[in-house]
Each structure stands twice: as C-alpha cells, then as structure tokens.
Amino acid sequence: MKKLIKSSTLITCTLCSSFMLSSNYAFGNKVDVVKNYADIAQAKFEDSLITAQKLQDRVNILIKDPSESSLSAAKKAWLASRNPYQQTEVYRFGNAIVDDWEGKVNAWPLDEGLIETDTEFLNLEEKLKCGKSTIAEYDNKIPSDLTVEQILIRSGNIGSVRIGQKLEIIKLKAFLEKIGILSKINFDIEEVGEPIPFKWGKCKLATVSFGHGITTTPLQLAKAYAIISNGGFAVEPSLIKNELKNYQKKKRIIKAGISEKINPILRKIVTTKEGTAGLVNIEGYEVGGKTGTAQKTIVGGYSKAKVNTFAGIFPASNPKYVLIVLLDEPKTSSDYVYEYKNKKGSYKGTPFNTAGWTSVEVAGKIIEKIGPILATKHM
C-alpha cells in the first residue's frame, strides 16, 4: 500500500485538492495517512465494481431479449460504469495486488465492444487538419473503408487516428503506461534513454495514435511487443538469463485473448500483399511485425530525414523472440537488389525511403543469419 500511495501522489496532483489535508495532518501519523488513502481507494473500487455488475446485468438482458429498450439500457449502463472505472486508474499501476485485481476486473465488459479487430471505420478522410498541421496517408491507394485489422496491416495513418479518438486519451495513455512506453525503463545498466514527457491534447492524441509526437527507446519498444505478443504478461528486460518459464507466476497486465487477436494480424502484415513488411517473410520462421516510418523533428516542425523502424516477433504462432531494427536517417540506393519473399522475382533500387524498404529488409537479413543459431526454424 505504501508503494501504491507513493506512485499515486506522483501521478496526479488532483488528489491534493480532493483530500484537503492540512499541513499538520500531512506531516502527522503515517498510519492515519495510509488509512485515509486506502479508504478512498476502496470506495472508488467498490463504486467501479457496483457499476460493472449493473452493466453485466444489462448486457445479459440485451443478449437474452434484444430490443431498442434493452440496447439503450445497456448503453446507459456502460456510460455510467466508465467514470468510476477510470477514476481508479491512479491507484492501479505499480502495486502487484491491485494489478492482479485489475486483471480480474477486466473480465467485466467495461472495455468490450469499444474496439475489435473487425470494427469498421467508414468514410475515412484522405487528410486531417490538426492545428496548423496536416495528417495524411503515405499511400493514396488506401481505401476509405477499413476494419481495425486492415488499418494495422496497411499502416494507415487516418485510420489509426480514428482508433485513438475512439479510445480517447485516458484509455490510450493507460495502455501505453501499462506496456512501459511512457516512463523510464528499469534495466541492469543506468545508461538508458528516457522518453520526453509531453502534454496530452486532441492533436497529441491524433499524432501519438500513428506513432508521431511521442518518444521512446528501442528497448522499451521491444518490451512492449513482448507483452503484447506473449499473452499479456509483464516483462522486465535483463542482460541476465531468466529461467522462469511459467507465465502463470507472472503478472498479467493485458487481459487474456488480446495476443491471440494481435499476433495473426502482425503475421498478415508480413504475408499479405497489402502488408508493409513482406521482405521479412523468411521461410520457416513465421515472422510477424509492424513497420514504422517517422520524420525527424526540427524546430517548428518536421524534417525530411527519417527514422525507420521494424518491430518483429517470431514465430508468430508461439512467439519466442522480439527483434527491433531502427535505422536513423537511412538512405535509398539505386543499385541494391531486393529479393521478393511473397512472390517470385527481384527489384533493383529503393523505390521509397520507408521502413518497408529499409528496416524490414535489414530485419530479414538478420533473421536469416540468427534463426539457425536460435533453432526456431520449423519449431
């Protein structure tokens, strides 16, 4: 609980005004202070549980007897459950007992139906204005009607923005915090980078949704993909080999079933013609992954220089390894010959300075070399 209190006071200053502690009380008996926080936390969790149970009842009625009235009642119950649930966010992270409780509460349909892989986004714009900036697609052939799965496979910017807007700031921020993207990582050595803090807003939500306007490190990106693909269990990267293989003993931070939905999509990004990572489809290793092409920032905007990234997992059906390839300001080549992996033939010259033609190609070469050493082929 002490750890919980310390983390919660650092996360938000709104608690200060809520508690209205006098200076004498703030420096008074530590037991009383902890009890006060614990009582407030318990009350919030109880409110969250009560509204979740009401939501479950309304959903059960809707399933049993679908109608306009039962649907309306379910929607109202969902809206009523959101605030109590979100108000407990500050108490969750960094406390093993609370995190375990949260994993169980997530079985309640608080987040269900908001976003699924087959959720459709229709009439997607070609461009979006955010302040003085314009957000556009890298590929003007991307359809205007896409599902979440298709948005990820095609690496669509506008679709990603719409997904972020549907999640809203509080949910997207909470997810990024859970998988360790926003804060400094705990590691064996101190010489690690630290994400630059930023202020959330409508434009920041839009840019973060497709990977701009946010900083992190390759190590943190690797950690995030490990969590997303391993069933949702916490991972602490280390230079020391950990023999613990029983994930049942580890802390779940993403609810069960998410990896089973995401991993096949990561695989399709590599295997389908619409995907952006076909050059890493090395036979026998079942690679999955996601490309990222970002412009480097300059004072007042963005430059033409790129940071191209590929985050890969393999084998996708039972991930054992994560590979991150990040190229800082890669250059195109008119002489380099690409060997296609998903079809016969080759291509001379780099047509686009994107991750799909740079970082993905490098990742494929790496996996071809290290795959036999790691003994992952045909496993």
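## Helices H11 and H12

In this predicted model, Tyr225, Ile227, Ile228 and Ser229 of helix H11 meet Ser259, Ile262, Asn263 and Leu266 of helix H12. Sorted by class, this contact has five nonpolar residues, three polar residues and no charged ones.

Two packed helices are described by the angle between their axes and the distance between those axes. H11 covers residues 218-229 and H12 covers residues 258-271. Their axes come within 8 Å and cross at roughly 115°.

## Thr207 in helix H10

Helix H10 runs over residues 202-209, and Thr207 lies in it. Thr207 has a relative accessible area of 17%, so it counts as buried, the cut-off being under 20%.

The side chain of Thr207 has a polar atom 3.2 Å from the backbone oxygen of Lys204. Apart from neighbours within four places in sequence, Thr207 is in contact with His212 and Gly213. Thr207 and Ile135 are 72 residues apart in sequence, and their C-alpha atoms are 8.2 Å apart in space.

## Helix H13

Helix H13 has 16 residues, 359-374. From its first C-alpha to its last it reaches 21 Å, close to the 22 Å expected at 1.5 Å a residue. A kink of about 30° lies at Glu368, shortly before the proline Pro372. After H13 comes Ala375, which has a positive phi, near 55°.

The buried residues of H13 are Ser359, Val360, Glu361, Ala363, Gly364, Ile367 and Gly371. Four strands are included in what covers these buried residues: E5 (288-298), E6 (301-314), E7 (321-328) and E8 (337-339).

## Asn308 in strand E6

Strand E6, one of the strands that cover the buried residues of H13, contains Asn308. Is Asn308 buried or exposed? Asn308 counts as buried because its relative accessibility is 0%, and buried means under 20%.

Leaving aside neighbours within four places in sequence, Asn308 is in contact with Gly292, Thr293, Ala294, Val325, Leu326, Leu327, Pro330, Asn353, Thr354, Ala355, Thr358 and Ser359. Among these, Thr358 is joined to Asn308 by a polar contact of 3.0 Å between the two side chains. Ser359, also in contact with Asn308, is one of the buried residues of H13.

Terms used. Residues numbered from 1 in each chain as written. Predicted model: local features only at pLDDT ≥ 70, side-chain atom pairs only at ≥ 80, totals over all residues. Heavy atoms only, no water. Axes fitted to C-alpha atoms, helices over the stretch in contact; angles between N-to-C directions. Helix = DSSP H or I, 4+ residues; strand = E, 2+ residues; numbered from the N terminus. Contact = heavy atoms within 4.5 Å. Nonpolar A, V, L, I, M, F, W, Y, C, P; charged D, E, K, R; others polar. Buried < 20%, exposed > 50% of the residue type's maximum accessible area, 1.4 Å probe, protein only. Polar contact = N/O pair within 3.5 Å; in protein donor to acceptor, adjacent residues only side chain to side chain. Expected span 1.5 Å × (residues − 1). Bend = angle between axes of the 7 residues up to and from the residue.
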